[in-house]
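Biologist: I have a model open and would like to learn how to read it. Could you take me through it feature by feature?

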Amino acid sequence: MGCWPVSLWTTYYKVQQEAAGNNASFRSLFMKSSPQEICIRAYQLYVEELDADVVAERLVSEGFSHEMASRAVVFLPSAFARVHYRNAGLSFPAHFFAGFLAYEEGRKSLYVDEPVFEAAIELAQQLARDGDSSQVWRFVEISAEHKGLTEVRDRGLTPKSFPVSIHTF
């Protein structure tokens, strides 16, 4: 067994077995985890005009966890919309509901507790400051916030705030 302790060999063997039978499990040991990194990569993929499902699949295939990829494709457009519409005077809630069941049960989550959302806000603010408005607008257009605002405006209403956000991952 060489000079490795038995426990290390056991771990090595289990990892090799999982790698042989399930590449996704082996890959999970080396997953990328930076919220900033996933937001930048998701931004790059969205700029290629890929839809959210394809962006999420690509992020996972590149080594990001499924959970982070799901959050990135939801939160990135949302963050861009918030930055854009805050500049237009609209306000947004500090919380969201993680799905319709959470909404029905009243279980709120705070945006500030979501590192991917915070990184997405930073990226959106930076791009808005740097004047890359064509790319910023692309993300605003695909956001749930923009779709909701457009629907409300089409009904002749002028909202000043977004009362609730429901995100599904």
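This is a predicted model: local features need pLDDT of at least 70, side-chain atom pairs count only at pLDDT 80 or more; totals for chains, interfaces and linings use all residues.

Biologist: How many helices and strands does the chain have?

Modeller: Helices (H or I, at least four residues) and strands (E, at least two) are DSSP runs, numbered from the N terminus. Here there are nine helices and three strands. In sequence order they run α-α-α-α-α-β-α-β-α-α-α-β.

Biologist: And what share of the chain is buried?

Modeller: Buried means under 20% relative accessible area, exposed over 50%, and partly exposed in between, using a 1.4 Å probe and protein chains only. Of the 169 residues, 36% are buried.

Biologist: Which residues have the most contacts inside the largest nonpolar core?

Modeller: A nonpolar core is a set of buried Ala, Val, Leu, Ile, Met, Phe, Trp, Tyr and Cys residues joined through side-chain atoms within 4.5 Å. The largest one has 39 residues, and Ile 38, Cys 39, Leu 59, Leu 76 and Phe 80 have the most contacts inside it. At least two core residues come from each of α3 (35-47), α4 (52-61), α5 (66-87), α7 and α8 (133-141). The biggest giver is α5, with twelve residues.

Biologist: What does Leu 59 touch?

Modeller: Contact means heavy atoms within 4.5 Å. Leaving out residues up to four places away in sequence, Leu 59 touches Ile 38, Arg 41, Ala 42, Leu 45, Phe 64, Ala 69, Ala 72 and Val 73.

Biologist: How should I read two packed helices?

Modeller: Two packed helices are described by the angle between their axes and the distance between the axes. Axes are lines fitted to C-alpha atoms, for helices over the stretch in contact, and angles run from 0 to 180 degrees between N-to-C directions. Under 35 degrees counts as roughly parallel, over 145 as roughly antiparallel, 65 to 115 as roughly perpendicular and the rest as oblique. The axes of α5 and α7 come within 8 Å and cross at roughly 45 degrees, so this pair is oblique. Among the residues making that contact are Phe 75 and Val 83 of α5, and Phe 117 and Leu 127 of α7.

Biologist: At what angle do the axes of α3 and α5 cross?

Modeller: Roughly 70 degrees, with the axes of α3 and α5 coming within 9 Å. These two helices are therefore roughly perpendicular. Their contact includes Ile 38 and Tyr 43 of α3, and Leu 76 and Phe 80 of α5.

Biologist: Is Arg 71 buried or exposed?

Modeller: Arg 71 is in α5, and its relative accessible area is 17%, so it counts as buried. Not counting residues up to four places away in sequence, Arg 71 touches Leu 76, Glu 114, Val 116 and Phe 169.

Biologist: What about backbone angles?

Modeller: Most residues other than glycine have a negative phi, and most peptide bonds are trans. Glu 49 is not a glycine, yet has a positive phi of about 65 degrees. Glu 49 sits in the loop between α3 and α4, and is exposed because its relative accessibility is 62%.

Methods:
Residues are numbered from 1 along each chain as its sequence is written. Side-chain values use heavy atoms; hydrogens and water are left out.
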